[in-house]
Amino acid sequence: MSSKIEQIITEIEEYIDNCKFQPLSTSKIIVNKDDIDELLSELRLRTPDEIKKYQKIIANKDAILNDAKERSEAMISEATAHINQLVSEHEIMQKAYAEANAIIEQAQNEAQAILDSATTEANDYRNRAVQYTDDILSNVQSILTTGISSFENAQNTMISSLNNSLDIVLESRKELGAQDEDTSSVAGDQEISEDNDISLDLL
């Protein structure tokens, strides 16, 4: 059964797969900011709970080791009690010593085996929890990187469009300025011609 955070990551991946590509692009997509913000907010809310759950698993390492220690101590205590019982019987003292040493050695070997097994199991839990948490954070990093890249591309496109519009406006103003100069020149020529006509009439 997948966790809630895995379900959210799947939803984000499906959302990105269903986004439309930008015009004339096969790699850049158009992302709805409100939709992706909602999914990322849900992811941020769920991530701490998932991490706490696996931190609890790691914390169980101490419980496993303590249980193994208690079991080993109980076995040694039982072996010691058995030794004391055997030693109390003088006629079988030599046999008691031999049997006691064998029991102690067996108990110590079994206790060490339990501790080794518990340590291996606890480390395995920890490694899996750390790997799972790292995978989650890696997916989040990938999603955020994609979102930032899409935002930057959209921003660059907008700035480029504004610069093009500014160039058109500047060019249009230059053209208007040139037309004003031509109109002024024509008007001056007409005034000179009218003055010449008046002079001729007076003569």
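**Close-up views of a predicted model**

α2 and α3 each supply at least two residues of the lining of the largest pocket.

**View 1. The largest pocket has a lining to which α3 gives the largest share.** About 380 Å³ of space lies in this pocket. Of the 16 residues that line the pocket, V31, K33, G147, S150 and F151 are the closest to its centre. The share that comes from α3 is 8 residues.

**View 2. The structure holds 1 cavity of 30 Å³ or more.** The space in the largest cavity is about 50 Å³. Its lining is made up of I16, I29, V31, I36, I143, T146, G147 and S150. Here, too, α3 gives the most, with 4 residues. V31, G147 and S150 belong to the lining of the cavity, and these residues are also among those closest to the centre of the largest pocket.

**View 3. The largest nonpolar core has 15 residues.** Within this core, I5, I12, Y15, I36, L40, L43 and I136 touch the most other members. Two or more residues come from each of α1 (4-18), α2 (33-87) and α3 (93-202). The helix that gives the most is α1, with 5 residues. I36 is one of the core residues listed here, and I36 also lines the largest cavity.

**View 4. α1 is a helix of 15 residues.** From its first C-alpha to its last, α1 reaches 21 Å, close to the 21 Å expected at 1.5 Å a residue. Which residues of α1 are buried? They are I5, I8, I9, I12 and Y15. These residues lie on the same side of α1 because they cover an arc of only 120° around the axis. An α-helix has 3.6 residues a turn, so residues three or four places apart point the same way. The face of α1 turned away from the buried side carries D17 and N18, which are exposed.

**View 5. Y15 is a buried residue of α1.** What does Y15 contact, leaving aside its neighbours within four places in sequence? Its contacts are V31, N32, D35, I36 and L39. Among these partners, V31 and I36 also line the largest cavity. Y15 is also one of the residues that touch the most other members of the largest nonpolar core.

Conventions
Residues are numbered from 1 along each chain as its sequence is written. This is a predicted model: local features need pLDDT of at least 70, side-chain atom pairs count only at pLDDT 80 or more; totals for chains, interfaces and linings use all residues. Side-chain values use heavy atoms; hydrogens and water are left out. A nonpolar core is a set of buried Ala, Val, Leu, Ile, Met, Phe, Trp, Tyr and Cys residues joined through side-chain atoms within 4.5 Å. Buried means under 20% relative accessible area, exposed over 50%, partly exposed in between (1.4 Å probe, protein chains only). Contact means heavy atoms within 4.5 Å. The expected span of a helix is 1.5 Å times one less than its number of residues. The arc is that of the directions from the helix axis to the C-beta atoms. On a 1 Å grid over the protein atoms alone, a cavity is a set of points where a 1.4 Å probe fits but cannot get out, and a pocket is an open set with protein on both sides within 12 Å along at least five of seven lines; lining residues have an atom within 4 Å of a point. Grid points are joined across faces, edges and corners, and a volume is the space filled by probe spheres set on the points.
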